[in-house]
Amino acid sequence: MDPDVRVDDEWPLRLSSSAQVKAAEAQLGMRFPQGYEAFVTRFGEGVIEPSGLRVYPPERVLHEREAWRQRIDQYWFWDGGAQTLDKARAR
């Protein structure tokens, strides 16, 4: 394992398969970011520190995407110009 990677024993290890990632991409009609498949097939769900970036497995992405879109619609407050993720892209 990479010396910069620490697996927290408090998180249950539930790895995703490449087939699950590809099935979710097909259902979503888009590709996950580069490195996503490698991460979820090796480490499963987790948090990348120190940024606090959460990485969810494909099934959770599919299951929670509508609720996420509703939260974005209700609570979006970022408006930082071209360097900031815009609301439409976040949805």
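Visitor: Why is R31 called exposed?

Guide: R31 has a relative accessibility of 65%, and exposed means over 50% relative accessible area (buried is under 20%, partly exposed in between; 1.4 Å probe, protein chains only); therefore R31 counts as exposed. This is a predicted model, in which local features need pLDDT of at least 70, side-chain atom pairs count only at pLDDT 80 or more, and totals for chains, interfaces and linings use all residues. Residues are numbered from 1 along each chain as its sequence is written, and side-chain values use heavy atoms, with hydrogens and water left out.

Visitor: What makes the pair R31 and E25 a polar contact?

Guide: The side chains of R31 and E25 are in polar contact at 3.5 Å. The term requires a pair of N or O atoms within 3.5 Å; within protein, one must be able to donate a hydrogen and the other to accept it, and residues adjacent in sequence count only if both atoms are side-chain atoms.

Visitor: Which residues of α1 are buried, and how do you know that they line one face of the helix?

Guide: In α1 (residues 18-28), V21, A24 and E25 are buried. Viewed down the axis of α1, these buried residues fall within an arc of 100°, so they line one face; the arc is that of the directions from the helix axis to the C-beta atoms. A19, A26 and Q27, on the other side of α1, are exposed.

Visitor: Which residues does A24 touch?

Guide: Leaving aside residues up to four places away in sequence, A24 touches F32, P58 and L62, contact being heavy atoms within 4.5 Å.

Key:
Helix = DSSP H or I, 4+ residues; strand = E, 2+ residues; numbered from the N terminus.
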